[in-house]
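Work through the exercises below with the structure in view. Try each task before reading its solution.

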Amino acid sequence: MAILIALVIAAIVVAAAVISAYNGVITKRNRCNNAWQQIDAQLQRRNDLIPNLVETVKGYAAHESETIAAVTNARAGMASASTPEEKAAADGQLTGALRQLFAVAEAYPDLKANGNFQQLQAQLEETENKVTYARQSFNDCVLMYNNAIQTFPGVLVAGIGGFEPRQGFEVMDATTRQAPEVKF
């Protein structure tokens, strides 16, 4: 009788450990999904600011149509991207196009002095900071989730539950990894 009670208690402990591990993996997966939604919201906010910025630049630098078209095309690519990988690639293209646009703006003192342009530039900078923070948060969540499904006992739960490792948000454009050159 004592052996039967010990086996029942052992089974309950094992079941509780499996349930706890499963719930932990689910919680971490949901945190990853939420963190991605935060990135997505900030990318959408940036996408919403771009048409106003393009229109402002057009008024001052109409002959910079190639740069304006690059921003417009990159924005469209961002809007059509659906997976995190596609959005990461589109984000790199859009960031590069915006850099080019702001470089063009340097050649137009009237544009740089325009209040609307300055306000849009400040809003984009604020949004970029939020995107950076959201990416960091997402990558932290992905790290915790991947650790949870690759360590014991989560690895057992992951195998049974079909949980797959997730990919963090990576910089796709190699030029953004380089430090800017500063000359005095």
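Axes are lines fitted to C-alpha atoms, for helices over the stretch in contact, and angles run from 0 to 180 degrees between N-to-C directions. The model used here is predicted.

**Exercise 1. Confidence**

Task: Find the mean pLDDT of the chain and the share of its residues that reach 70 or more.

Solution. The mean pLDDT is 87. The share of residues at 70 or more is 92%. Next, look at residues 179-184, where the pLDDT is below 50. Beyond near neighbours in sequence, that stretch has zero contacts in the model. Where pLDDT is low, the predicted coordinates should not be read in detail.

**Exercise 2. Elements and overall form**

Task: State how many helices and strands the chain has, and set its radius of gyration against that of a compact globule of 184 residues.

Solution. Begin with the count: there are six helices and zero strands. Along the sequence this gives the pattern α-α-α-α-α-α. Now take the radius of gyration, which is 24 Å for the chain, whereas a compact globule of 184 residues would have one near 16 Å. Last, the C-alpha trace spans about 90 × 35 × 25 Å along its principal axes.

**Exercise 3. Helices α1 and α3**

Task: Describe how α1 and α3 pack, and decide whether they are roughly parallel or roughly antiparallel.

Solution. Helix α1 covers residues 2-60 and helix α3 covers residues 84-106. Their axes lie 12 Å apart, at an angle of about 30°. Angles under 35 degrees count as roughly parallel, so α1 and α3 are roughly parallel to each other. The crossing of α1 past α3 is left-handed. On the α1 side, the contact includes Trp 36, Leu 43, Ile 50 and Val 57; on the α3 side, Pro 84, Leu 94 and Phe 102 are among the residues that take part. Sorted by class, the residues of this contact are 10 nonpolar, two polar and four charged.

**Exercise 4. Helices α1 and α5**

Task: Which relative direction do α1 and α5 have, roughly parallel or roughly antiparallel?

Solution. The two axes come within 8 Å and cross at roughly 160°. Angles over 145 degrees count as roughly antiparallel, so α1 is roughly antiparallel to α5. In handedness, α1 passes α5 in a left-handed crossing. The contact of α1 with α5 holds 21 nonpolar, eight polar and nine charged residues.

**Exercise 5. A cis peptide bond**

Task: Which two residues does a cis peptide bond join, and where is Pro 153 placed?

Solution. The cis bond joins Phe 152 and Pro 153, with omega about 5°. Pro 153 is in the loop between α5 (115-150) and α6 (154-161). For context, most peptide bonds are trans.

Note on methods: Residues are numbered from 1 along each chain as its sequence is written. This is a predicted model: local features need pLDDT of at least 70, side-chain atom pairs count only at pLDDT 80 or more; totals for chains, interfaces and linings use all residues. Side-chain values use heavy atoms; hydrogens and water are left out. pLDDT is the predictor's confidence in each residue, from 0 to 100. Contact means heavy atoms within 4.5 Å. Helices (H or I, at least four residues) and strands (E, at least two) are DSSP runs, numbered from the N terminus. Angles under 35 degrees count as roughly parallel, over 145 as roughly antiparallel, 65 to 115 as roughly perpendicular and the rest as oblique. A crossing is left-handed if the near helix is turned anticlockwise from the far one by less than a right angle, and right-handed if clockwise. Ala, Val, Leu, Ile, Met, Phe, Trp, Tyr, Cys and Pro count as nonpolar, Asp, Glu, Lys and Arg as charged, and the others, Gly among them, as polar. The radius of gyration is taken over C-alpha atoms; the globule rule is 2.2 Å times the number of residues to the power 0.38.
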